[in-house]
Amino acid sequence: MNDLQVDATTAHSFLPKVSVVVPIYNGEADLPDLISCLLSQTYPQDRVEYLLVDNNSSDRTPTFLKTAAELSPLTIHPVSENQIQSSYAARNTGIRSATGEIIAFTDADCRPQPQWLELLIQPFINLDVVIVVGEITALPGKTILEQHADRQETLSQKHTLSHPFCAYGQTANLAIRRLALEKVGMFRPYLTTGGDADICWRILMAKIGKLEFAPNAIVQHRHRTTFQELQSQWRRYGRSNRYLHELYGVELMPMLTRKDYFYRLVRWLLKEVPKNLFKAIAGKATFVDFFSTPIGLFTAKARYLGQSEAKLPDNAEIIDWL
């Protein structure tokens, strides 16, 4: 019991200086809710600074950030990255301005829950931990696409943590010890996707320390509501596959043939639809259950198209350094 009390006391007193970096592009509509979530954080306000990085927005984002910095009780530093249009370049700009020993990342359209930062930072009490990954859950959605993505847990970090090449965390909910960034460099500024995997893999492959998962450190994110948005999302995943293949030799997604599509659609019509119909009559299936397979085929095709059309930019080899 005494050991447990000591551990609890030590954990409670572990309050390193934290810098939260948020890249923002045309985030005017999202910023009020984001600031509200940051105000609700249980981590002591005097131990955290927020680097909100405008990435050449064309809306009123810069004005909002200036006002927030002046009026909010939080320590908010508005920063600008106007040379490179890339969220990773924006994050690098935030990192350069950061003074914390831990750098945490989220996005403007995310909604960190009140204990997010407190729980995300706690694993760093172990000096062997250099990366901590929090969980991403869905904001409540009403459309069939949102409900399908929620059912599939599309945004969950469990997918990235079980990556067959190497575990990593998405920058929507990620924290990295500053020392690791000093040793392996920051993000590749010219990458447009896949940079979160790249930076985690560089750190882990350098054997600086280990990665920990903090499942209760939660940020919420909204799923896509239209097929156009959904296609864009999965094409980006496909481009990430291609870039990581070029950089690390990660296996590419195999192409689904016409025979594959035909088989799965026939199986859906003849087996899954009747099965879900009976379940619906019994009150055990919802509307989204009927369309899981067609939506899954749609996203698989979008991902393959993104993968097949992408080409790693020549300047993607560049790594920014502190």
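Mentor: Rings of Phe, Tyr and Trp (its six-membered ring) pair if their centres lie within 6.5 Å. Planes under 30 degrees apart count as stacked, and planes over 60 as edge-to-face. Keep in mind that this model is predicted.

Trainee: How many aromatic pairs does that rule give here?

Mentor: The count is 10 aromatic pairs.

Trainee: What describes a pair of aromatic rings?

Mentor: Use the distance of the centres and the angle of the planes. Take Tyr 88 and Phe 187. Their centres are 5.5 Å apart, with 25 degrees between the planes, and the pair is stacked.

Trainee: Where do Tyr 88 and Phe 187 lie?

Mentor: Tyr 88 is in helix H4 (residues 87-97), while Phe 187 is in the loop between helix H8 (178-184) and H9. The pair therefore ties together parts that are 99 residues apart in sequence.

Trainee: Are Tyr 88 and Phe 187 buried or exposed?

Mentor: Tyr 88 is buried, and Phe 187 is buried too. Now a second geometry. Tyr 168 and Trp 201 pair edge-to-face, 5.7 Å centre to centre and 90 degrees between the planes. Tyr 168 sits in the loop between helix H7 (157-161) and strand E7 (174-177), and Trp 201 sits in helix H9, so this pair joins parts that are 33 residues apart in sequence. Both Tyr 168 and Trp 201 are buried.

Trainee: Which residues do ring pairs link into a cluster?

Mentor: Phe 165, Tyr 168, Trp 201 and Tyr 248.

Trainee: Trp 201 is in H9. How many of the residues of H9 are buried?

Mentor: Here buried means under 20% relative accessible area. By that test 10 of the 11 residues of H9 are buried, and the helix is mostly covered. Among them are Gly 195, Asp 196, Asp 198 and Arg 202, along with Ile 199, Cys 200 and Trp 201.

Trainee: What covers the buried residues of H9?

Mentor: The cover includes H4, strand E6 (129-138), E7, H8, strand E8 (210-221) and H10. Check the backbone as well. Just after H9, Lys 207 takes a positive phi of about 55 degrees.

Trainee: On to helix packing. At what angle do H9 and H10 pack?

Mentor: Read the angle between the axes, then their separation. Helix H9 (residues 195-205) packs on helix H10 (residues 227-248) at about 30 degrees, with the axes 11 Å apart. H9 and H10 are therefore roughly parallel to each other. Their crossing is right-handed.

Trainee: Which residues make the contact of H9 and H10?

Mentor: On H9, Ala 197, Asp 198, Trp 201, Arg 202 and Met 205. On H10, Leu 244, Leu 247 and Tyr 248. By class, that is 6 nonpolar, no polar and 2 charged residues. An α-helix has 3.6 residues a turn, so residues three or four places apart point the same way.

Trainee: At what angle do helix H11 and helix H13 cross?

Mentor: Roughly 165 degrees. The axes of H11 (residues 258-281) and H13 (residues 292-309) come within 10 Å. Angles over 145 degrees count as roughly antiparallel, so H11 is roughly antiparallel to H13. H11 passes H13 in a right-handed crossing. H11 contributes Tyr 261, Arg 264, Leu 265, Trp 268 and Glu 272 to the contact, and H13 contributes Thr 293, Pro 294, Leu 297 and Lys 301. The contact has 5 nonpolar, 1 polar and 3 charged residues.

Trainee: Gln 307 is found in H13. Is Gln 307 buried or exposed?

Mentor: Gln 307 has 2% relative accessibility, so it counts as buried. Leaving aside neighbours within four places in sequence, Gln 307 is in contact with Gly 238, Arg 239, Asn 241, Arg 242, Leu 252 and Met 253.

Trainee: And a loop residue? What does Ala 98 touch?

Mentor: Ala 98 lies in the loop between H4 and strand E4 (102-105). Its relative accessible area is 6%, so Ala 98 is buried. Not counting residues up to four places away in sequence, Ala 98 touches Ser 19, Glu 49, Leu 51, Ile 103 and Arg 178. Ala 98 and Arg 178 are 80 residues apart in sequence, and 9.3 Å apart in space, C-alpha to C-alpha.

Technical notes. Residues are numbered from 1 along each chain as its sequence is written. This is a predicted model: local features need pLDDT of at least 70, side-chain atom pairs count only at pLDDT 80 or more; totals for chains, interfaces and linings use all residues. Side-chain values use heavy atoms; hydrogens and water are left out. Axes are lines fitted to C-alpha atoms, for helices over the stretch in contact, and angles run from 0 to 180 degrees between N-to-C directions. Helices (H or I, at least four residues) and strands (E, at least two) are DSSP runs, numbered from the N terminus. Angles under 35 degrees count as roughly parallel, over 145 as roughly antiparallel, 65 to 115 as roughly perpendicular and the rest as oblique. A crossing is left-handed if the near helix is turned anticlockwise from the far one by less than a right angle, and right-handed if clockwise. Contact means heavy atoms within 4.5 Å. Ala, Val, Leu, Ile, Met, Phe, Trp, Tyr, Cys and Pro count as nonpolar, Asp, Glu, Lys and Arg as charged, and the others, Gly among them, as polar. Buried means under 20% relative accessible area, exposed over 50%, partly exposed in between (1.4 Å probe, protein chains only).
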